[in-house]
Amino acid sequence: MKKKILISGGGIAGLTAAKFLTAQGHEVTVIDRAPSFTKAGFLISLKSFGVQIMEELGLLQELQAASSPSEFVSFVEKDGQVIQHLSYEKMNKNIERSVLISRGGLHNVLYDHLKNQLNVLFSTTISGINSAGNKTKVTFSNGQGMEADLIIICEGLRSPTREKYFTGSQMEDFNTLYMGGRLKTKHSEPVGAFKIYIDVNKMLSIYPIANDEIAIQYYIRDTDDLATIKQRSTETLQESFSAYSAEVRDLLNRFAEEGLMFVDKMGMVNASTLVNGNMVLLGDAGYCPTALSGMGASLSIYGAKALSHFVSKSPDDLRSACDNYNTLMQPIIRKFQTNARNNASSFIPADENKLDQFVKFFRAASDDELKKTMTDPIVLTEDQLKFKANK
Ligand SMILES: Cc1cc2nc3c(=O)[nH]c(=O)nc-3n(C[C@H](O)[C@H](O)[C@H](O)COP(=O)(O)OP(=O)(O)OC[C@H]3O[C@@H](n4cnc5c(N)ncnc54)[C@H](O)[C@@H]3O)c2cc1C
């Protein structure tokens, strides 16, 4: 039977869920806090099952058209000495494929495809939720509202609705800031050949993504609060890499002047359950695995497909559908969040000793060891890909 479904947050998770659920014939309403969507944003690498689901949705061509080339990545020490040089083609053999794209670019592929079938209410948030039986009355910030059979909360990492209605969820602070941006500039670096500097308490990635554009992303351990971090973001960038080559310093100075786009602190949501009555958490709002897992977007897309799958199996028993989704997701979430913690300690080593250990191991690693470190941890099992949950 056709259900009334509210999706709060029309990001990657929200739009993917909207796509699957409208295809099942449900009446889907999407609200988003933003006044409009933008194509900009940090670079992400959509991998493995994330790309596979986009292909199932018939969006592979659009995804590839919006992506940037990625050929090689070199992990280097702060003096530029190569620790390890990897080809994406080789890495992709284990995970099928990956696509480098901006968060906004991926989001736009989904939105472009959906915008004629879906009405997004912009500048709108949930201001109140009242449940009676299986129905829930939701009030919006614009004074309007709706009755919903299912409310899917995909408001991202700092979801206010999760904080209000899922009291058991907690934010794990990585005490790491991440910043980055894109800069239009002519350069002579090969496009698609990326460099990642590994250093004590910091990591800097430089991505030449086009002949006239470079993106950077960097992570620095920092225990200050977000407001303080934002306030001194430019100084942090310049000070943190002051011992690097003149070439790197010049580039970072230019970013500080004209190319910085985002500054945030890395956090991870630990929610003991993704379900509360007929409300369900999806994407970063429920299980953000942080940028360090490299899998947040893929997991958002996967979670959206999994939830829609269970809704299609029992449309008249949405609570069971949500419970099955939760059962499937919990071990997957634990796995990817563990990967993120492991990546934090390997790729942002806490002291010289740990840096030394990482450099020695990574430099001498065989293909098999690299596969174990880089791509084995992000593979889902056949059962998980078929949504078979182990209770
Ligand atoms: C620096 C960085 C690098 C990353 N790299 C990768 C990578 O390489 N690979 C990868 O797979 N993932 C990566 N990720 C993670 C990925 O970007 C996220 O996991 C993904 O964007 C989550 O999608 P989402 O839809 O859950 O949330 P979001 O994309 O955050 O979307 C949330 C939506 O909710 C809206 N919203 C917010 N609050 C409200 C509210 N109160 N009411 C209504 N709407 C609201 C927002 O406007 C937005 O549209 C990276 C993340 C970062 C920060």
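Predicted model: local features only at pLDDT ≥ 70, side-chain atom pairs only at ≥ 80, totals over all residues.

**Ligand shell.** I looked up which elements each supply at least two residues of the shell around the ligand. They are helix H1 (12-23), strand E3 (43-47), strand E12 (170-184), helix H10 (284-287) and helix H11 (296-313). H11 gives the most, with four residues. Among the 34 residues around the ligand, I found Gly9, Gly11, Gly156, Gly283 and Gly296 to come nearest. I then sorted the shell by class: 14 residues are nonpolar, 15 polar and five charged.

**Strand E11.** Next I checked residues 150-153, which form E11. Are its faces covered or open? Both are covered: Leu150 and Ile152 are buried on one side, Ile151 and Ile153 on the other. In a regular strand the side chains alternate between the two faces of the sheet.

**Partners.** I looked for the strands joined to E11. E1 (residues 4-8) runs parallel to E11, with four bridges between them. Here Ile5 stands opposite Leu150. E18 (residues 279-281) also runs parallel to E11, through three bridges. There Ile152 stands opposite Val280.

**Core.** I ended on the largest nonpolar core, which holds 105 residues. Ala17, Ile152, Val280, Leu282 and Tyr325 touch the most other members. Helix H12 (residues 318-347) gives this core its largest share, 11 residues. I listed the contacts of Ile152, leaving out residues up to four places away in sequence: Ile5, Ile7, Ala17, Val280 and Leu282.

Key:
Residues numbered from 1 in each chain as written. Buried ≥ 20, exposed ≤ 12 C-beta atoms within 10 Å, placed from the backbone. Pairing = 2+ DSSP bridges. Core = buried A, V, L, I, M, F, W, Y, C linked by C-beta atoms within 7 Å. Contact = placed C-beta atoms within 7 Å. Near = placed C-beta within 6 Å. Nonpolar A, V, L, I, M, F, W, Y, C, P; charged D, E, K, R; others polar.
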